[in-house]
Amino acid sequence: MAPAHDNRSRSLLAQFDTQPRVRDFLARAIETQRTSHAYLFLGAPGSGKLDAAWALAQALICEQGGCGACEACVRVARRTHPDVRYLAPESATGYLIAQVRDLIEEVSLAPVRANGKVYIIDRADQLRASSANALLKTLEEPPANVTFILLGTSADTILPTIVSRCQCVPFRLISPEAAAQAVTRATGLPLERCRMAVAVAGSPGRATEFLKSASRQEARRAMLRAIDSLAHADEADVLSHAKAITLAVKAPLAEVKSTQEAILKRDEEYLSRGALKQIEERNKRELTARERSGIMEVLACARSLLRDALVRVEGISSEPVNADVEDIVGRLASEMASSVSAVHALEAVEAAERAVSRNVTPQLAFEVMLFDIRKALTCPS
Ligand SMILES: [Zn+2]
């Protein structure tokens, strides 16, 4: 039989071989049971902080330190473990004070299923003044067996009072190519497919999930089809494409929703009405957060395709990131009068990202974006 520690941090080992120092540091902490009660993962977007946070959560929640196979590990991997909470700012200006109050209240409750609880707090730089102050005491002295994992790009953008209460873990910047190679190792899929997935999903872990999800890939195809049609599309075509993309983005949520409902139904008997209501609220928030990340993902698909076309228009001979749709890249490039068209089209994607973060409905954001891209393709100026 293999020694126990070989098994112990399998989720940590498998998840992010692009950050060996972080991986070894965390694996050692788990093995020696000397984990900190608050971590601050620092690194550029795409460095795999969120993947690492989920892997660490798995290692902390699993009784075998993250075996990757038990029910707890599977639940964490599917993001349905009730004792691992993920938080992101709920308003365009950052974390709401109400969000942080809910969190603090919840921290003191006993875990539902595991021996401990983990809170992943994304974009900690958006914890400002009042919301940050409310959190400080909890961060400093959380109840036993509660671990916080905060994520941020750099310590300079996070309030010093927060930084000083956490153990900082720096993530190095990894190149898209190194990320794609890591995804190839994890999935066994061809490198060119993995390059596309990294461009779309951002980090190796999310790219791996993207490649496993048929519905997320279908949402990408809906976006690519729409952009491919624009040069010859009338108004009704554009609107129906925007609708098709919206529906395709929502499709992956059906599975999340049915998992949520199944868990709720099963736990109904032994949870109080208050606890049930709280879980329902949380489920609703989770669906909203997932829908938003799906929207951002299809917008990343649009950006990646338009960049490929821009590269082609500029006459740079390199393999497109979206190698599987080279025909679409070629058509788009030939429709573009000059790189100005591509630049305007890319600006339309950025405008859509801003609109979505200001809570404009996705369908409207897609409509405006597609009309603007059509304009960039058909009447460049
Ligand atoms: Zn496990």
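**Figure 1. What lines the largest cavity: Glu 192, Arg 193, Met 196, Val 321, Ala 323 and Asp 324.** We're looking at a predicted model, where local features need pLDDT of at least 70 and side-chain atom pairs count only at pLDDT 80 or more, while totals for chains, interfaces and linings use all residues. Residue numbers run from 1 along each chain as its sequence is written, and side-chain values use heavy atoms, leaving out hydrogens and water. The six lining residues named in the title (each with an atom within 4 Å of a cavity point, on a 1 Å grid over the protein atoms alone, where a 1.4 Å probe fits but cannot get out) split into three nonpolar, no polar and three charged. Here nonpolar means Ala, Val, Leu, Ile, Met, Phe, Trp, Tyr, Cys or Pro, charged means Asp, Glu, Lys or Arg, and the others, Gly among them, are polar. The structure has one cavity of 30 Å³ or more.

**Figure 2. A look into the second largest pocket, about 470 Å³ in volume.** Twenty residues line this pocket (an open set of points with protein on both sides within 12 Å along at least five of seven lines), and closest to its centre are Gln 33, Thr 35, Ala 59, Leu 60 and Asn 145. The top contributor is α4, with three residues. By class, the pocket lining has seven nonpolar, 10 polar and three charged residues.

**Figure 3. Helix α14 (residues 273-313) against helix α15 (residues 326-335).** The two pack at an angle of about 60 degrees, with axes 8 Å apart; axes are fitted to C-alpha atoms over the stretch in contact, and angles run from 0 to 180 degrees between N-to-C directions. So α14 and α15 sit oblique to each other (under 35 degrees is roughly parallel, over 145 roughly antiparallel, 65 to 115 roughly perpendicular, the rest oblique). From α14, Leu 305, Leu 306, Asp 308, Ala 309, Arg 312 and Val 313 meet Glu 326, Ile 328, Val 329, Gly 330, Leu 332 and Ala 333 of α15, counting heavy atoms within 4.5 Å as contact. That contact has eight nonpolar, one polar and three charged residues.

**Figure 4. Helix α11 (residues 204-212) packed on helix α12 (residues 214-229).** Their axes are 5 Å apart and the angle is about 90 degrees, which means α11 is roughly perpendicular to α12. On the α11 side, Arg 206, Glu 209, Phe 210, Leu 211 and Lys 212 make the contact, and on the α12 side Ala 214, Arg 216, Gln 217 and Arg 220. The α11 and α12 contact has five charged residues, along with three nonpolar and one polar.

**Figure 5. Helix α6 (residues 97-107) alongside helix α7 (residues 129-140).** With an angle of about 10 degrees and axes 8 Å apart, α6 and α7 are therefore roughly parallel. Ile 97, Val 100, Leu 103, Ile 104 and Val 107 of α6 meet Ser 130, Ser 131, Ala 134, Leu 135 and Thr 138 of α7. No charged residues turn up in this contact, which has seven nonpolar and three polar ones.

Conventions: Helix = DSSP H or I, 4+ residues; strand = E, 2+ residues; numbered from the N terminus. Points joined across faces, edges and corners; volume = space filled by probe spheres on them.
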